[in-house]
Amino acid sequence: MANKISTVGVIGLGTMGRCLVRGLIDSSTVSKDKIFFTTKHGEASAKAGKELGIVPVGSNAELVKKASLIVLAVKPQNIPEVLAEIGKSLTPQHTVISIVASVQTDQIEASVSKGVAVVRAMPNTPALVREGMTAICVGSGASKEHADLAKMIFSPLGQVVVVDEKNMDAVTGLSGCGPAYVYVVLESLTDAGIKVGLSREVAQQLAAQTVLGSAKMLMVTGKHPAALKDEVTTPAGCTIDGLMELEEGKLRVTLIKAVVQATNRAKSLRLPDSE
Ligand SMILES: NC(=O)c1ccc[n+]([C@@H]2O[C@H](COP(=O)([O-])OP(=O)(O)OC[C@H]3O[C@@H](n4cnc5c(N)ncnc54)[C@H](OP(=O)(O)O)[C@@H]3O)[C@@H](O)[C@H]2O)c1
């Protein structure tokens with residue numbers, strides 16, 4: 001298998017499918033004329049295809065004939081119909097990358113021809129602004145080369161990490177759902193700014209840049225978050241008073257419980273024939 005993407009077929013051109021295609025085009029990873037796609041409804045295909053300048057295909061079966069890398073970007077409830085259409089037409093020359101939540105690689109492998117490599121990925125919505133976090137895991141028939149191929153696909157959208165499949169529900173609970181938790185924090189900090197007399201516009205800018213800058217500090221310095229927190233916290237200063245309120249409000253345990261609950265929910269949504 002060449003370590004280069006020749007043709008990509010995207011099944012499903014909704015929020016994530018479009019985001020992925022945009023990343024591939026903008027980063028020049030694949031040229032527009034090498035990207036084929038299907039959606040369920042014709043009108044949606046025409047509109048989305050026109051916007052992105054990519055090639056619509058009449059059916060999923062036809063798409064598989066045109067592309068070697070097949071991306072599954074439909075909702076979980078549509079996956080059985082899609083696999084029924086394409087499963088037996090896929091050959092070992094194809095690589096399947098699925099971003100469908102809660103569908104395991106072995107479930108996909110069970111519906112496709114023997115020898116087809118399957119990679120699963122869980123991106124998140126900041127991928128829309130190229131600051132996404134994607135975790136990928138490989139199925140039993142996929143190699144490091146297939147994982148590298150998936151990395152090429154998702155790298156234009158932000159950071160990529162490889163995990164064991166058993167950790168994909170945890171990924172869903174943390175980075176998949178995580179943007180929602182952070183938006184709640186951002187909304188609260190903005191409201192707090194308003195409470196202490198700032199305009200909404202200024203408060204929101206202060207909150208957003210503070211979250212962005214703090215995350216960058218963590219990534220650039222590699223320091224433990226507690227060490228970075230200590231650097232901001234001067235003796236008898238203002239920050240320690242704020243931190244005491246956070247402790248009293250149980251922010252830490254609340255965030256931990258949020259991730260645990262979302263992880264459990266992801267696990268419960270798995271299709272029934274997986275472990
Ligand atoms: N959004 C997120 O934050 C996020 C993050 C990580 C993973 N995911 C996963 O990404 C997947 C897609 O999510 P999304 O938000 O992009 O969904 P979406 O906006 O609802 O898009 C789904 C797409 O699938 C198409 N589709 C449905 N059945 C099809 C079929 N039989 N053949 C071809 N296309 C078909 C739909 O076409 P029509 O529009 O014509 O019906 C639509 O273009 C989901 O499985 C989700 O779990 C999403």
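Which helices each supply at least two residues of the shell around the ligand? They are helix H1 (15-26) and helix H4 (79-86). Helices here are DSSP runs of H or I with at least four residues, strands are runs of E with at least two, and both are numbered from the N terminus. Before going further, keep in mind that this is a predicted model: local features need pLDDT of at least 70, side-chain atom pairs count only at pLDDT 80 or more, and totals for chains, interfaces and linings use all residues. Residues are numbered from 1 along each chain as its sequence is written.

Let's stay with the ligand for a moment. It is surrounded by 28 residues, and the closest are Gly12, Gly14, Met16, Thr39 and Ala101. A residue makes that list if its C-beta atom, placed from the backbone, lies within 6 Å of the molecule. H1 gives the largest share of the shell, three residues.

Now step back to the whole protein. It has twelve helices and eight strands, and its C-alpha trace spans about 70 × 40 × 30 Å along the principal axes. Of the 275 residues, 33% are buried. Buried means that 20 or more other C-beta atoms lie within 10 Å of the residue's own, exposed means 12 or fewer, and partly exposed is in between, with C-beta atoms placed from the backbone. Among contacts with a separation of 6 or more, 66% link residues 24 or more positions apart; a contact is a pair of C-beta atoms, placed from the backbone, within 7 Å.

On to the sheet. The eight strands form an open sheet in the order S3-S2-S1-S4-S5-S6-S7-S8, with mixed pairing. The edges are strand S3 (55-56) and S8, each of which pairs on one side only. Two strands pair if DSSP finds at least two bridges between them. Strand S7 (residues 132-138) and strand S8 (residues 158-162) run parallel and are joined by five bridges. From S7 the chain passes through helix H6 (residues 144-154) to S8, a right-handed β-α-β crossover. Right-handed here means that, with the strands pointing away from the viewer, the path from the first strand over the helix to the second runs clockwise.

H6 also holds His146. Why does His146 count as buried? Because it has 21 C-beta neighbours inside 10 Å. Leaving aside neighbours within four places in sequence, His146 is in contact with Thr95, Ala117, Val119 and Val138. Its C-alpha atom is 9.2 Å from that of Val96, 50 residues apart along the chain.

Back to H1, which lies across strand S1 (8-11), S2 and strand S4 (69-72), running at about 160° to S1. Axes are lines fitted to C-alpha atoms, for helices over the stretch in contact, and angles run from 0 to 180 degrees between N-to-C directions.

The loop between H1 and strand S2 (35-38) contains Val30. Val30 counts as buried because it has 23 C-beta neighbours inside 10 Å. Beyond its neighbours within four places in sequence, Val30 touches Ile5, Val8, Leu24 and Ile35 by the contact criterion. The C-alpha atoms of Val30 and Ser6 are 7.2 Å apart, though 24 residues separate them along the chain.

Ser28 sits in the loop between H1 and S2 as well. Most residues other than glycine have a negative phi. Ala236 is another case, with a positive phi near 55°. Ala236 lies in the loop between helix H10 (225-232) and helix H11 (239-248), and it is exposed, with 6 other C-beta atoms within 10 Å.

Last stop: Lys50, in helix H2 (residues 42-52). Is Lys50 buried or exposed? Lys50 counts as exposed, because it has 10 C-beta neighbours inside 10 Å. The C-alpha atoms of Lys50 and Ala266, 216 residues apart along the chain, are separated by 35 Å.

Technical notes:
Two residues are in contact if their C-beta atoms, placed from the backbone, lie within 7 Å.
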